[in-house]
Amino acid sequence: MDKGKGVYMVLLDLSAAFDTIDHTVFLSRLEKVYGVTGGVAEWMQSYLSDRHQSISIDGTLSDRSSLDFGFPQGSALGPFGFKLYTKPITAIARKHNVQIHLYADDTQLYLPFQPDQSEDAMKRLDACVEDIRQWMEKNFLKLNDTKTEFIIFGTPKNVGKVVEWTVDVGDAIILPSASVRNIGAMLNPTFNMETHIIGMKRACYLQLRSLSRIRKYLTQEAAEKLTHAFVMSRLDNLNSLLTNTPSFQVHQLQLIQNTAARIITQESKFCHITPILKELHWLPVEARIEFKTLLQVYKCVNGTAPGYLSSLVDLYSCPREGLRSAEDTFKLNIPSSKLQKFGDRAFSVAGPRIWNDLPRHIRESPSVASFKQAVKTHLFKRVYPT
């Protein structure tokens, strides 16, 4: 979007994805594609074989039925095995030059395009979706055509130039959605996170109203635990997506945190909030967003983040020897961007920028635990200087 492009994104929906996995196909793929043989292959076969299920209604138990397909519900194998089972999908996407992300049974296809080339881009995307659909049919997976979602990202100006506005999934013609949920994040066409924040506000205030009704029956410690479980966890979830969003949006979330703090401490809404947050040892929302982004960058630098994130950051290499900057380790290159509204919010730009501002000893922390502690202390002193 920073480069003036639009993005087509298709979120594929599978029906009972884990329940239709064919054990024979899965075990064969483990051996032929991943080289899993011997005792490990026998262990996997033993784990999947001789499974049965029955149904109990009012104490009456049905006959046992053999489970010849699918992964056991709630098993560690489920998401991991599904990823191995569906790996050929990535090759199909690459063949059509379409980018793909897979997270368990969530599959997203996305294709950047120049606005005046939207028709050609849609033809590639349609062909990719159809090939994936046919592959799924051959591999005992059911793509739910009508529940598949489609969205177009871009500036209003560039989206207005788009010619193709529908994607074909089987016999269904999918129109663009006003917003889509992608692994918990609500995304809208301009990527301004407004829909996501509205959803967070609704969920958090619902919990706060419930908490306020029972607050008089709780100790402060119990109230704080409930607030962390039902409110603060929502504010912190996916909050790195809000890096460099406009201050008025962050302020809306800050009001939620302020309300939560006042409910816990039973202070009046007219009391100054900063001493209350400091007493609870809470970082404000903006600092919490920065903390999460820095943690992601630390994992990228130290090789523990997913590859698609690690590829977005590059260590800085000084062009000349003997300069003071050459002695500073773990600094990152900051890519150039055109638009503050889009480019400056990208993880590849915002992450390195705030990372380089950290003191050197924090960037060189030996472990995730020590890094988190050092960063929180650093941010706490910056937010509450006295």
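Tutor: Start with contact: heavy atoms within 4.5 Å. Helices (H or I, at least four residues) and strands (E, at least two) are DSSP runs, numbered from the N terminus. Buried means under 20% relative accessible area, exposed over 50%, and partly exposed in between, with a 1.4 Å probe and protein chains only.

The model is predicted: local features need pLDDT of at least 70, side-chain atom pairs count only at pLDDT 80 or more, and totals for chains, interfaces and linings use all residues. Residues are numbered from 1 along each chain as its sequence is written, and side-chain values use heavy atoms, with hydrogens and water left out.

The part to look at is helix H1, residues 23-32. Its buried residues are His23, Phe26, Arg29 and Leu30. They sit on the same side of H1, because they cover an arc of only 130° around the axis. That arc is taken over the directions from the helix axis to the C-beta atoms. Turn to the face away from the buried side: there you find the exposed residues Thr24 and Lys32.

What does the buried side of H1 pack against? Four helices are named: H2 (38-48), H3 (77-85), H4 (88-95) and H5 (118-138).

The secondary structure comes to 15 helices and 12 strands. Of the 386 residues, 40% are buried. Among contacts with a separation of 6 or more, 67% join residues 24 or more positions apart. Along the principal axes, the C-alpha atoms fill a box of roughly 65 × 65 × 50 Å. The accessible surface is about 21500 Å², and carbon and sulfur atoms hold 53% of that surface. These areas come from the Shrake-Rupley method with a 1.4 Å probe.

For comparison, take a residue in another helix. Gln257 lies in H9 (residues 247-265). Its relative accessibility is 0%, so Gln257 counts as buried. Leaving out residues up to four places away in sequence, Gln257 touches Met232, Leu235, Leu277, Trp282, Leu283, Pro284, Val285 and Arg288.

Last, the cysteines. A disulfide is a pair of cysteine sulfur atoms within 2.5 Å. The search of the whole structure finds 0 of them. Cys128 has a relative accessible area of 0% and is therefore buried. Cys271, at 29%, is partly exposed.
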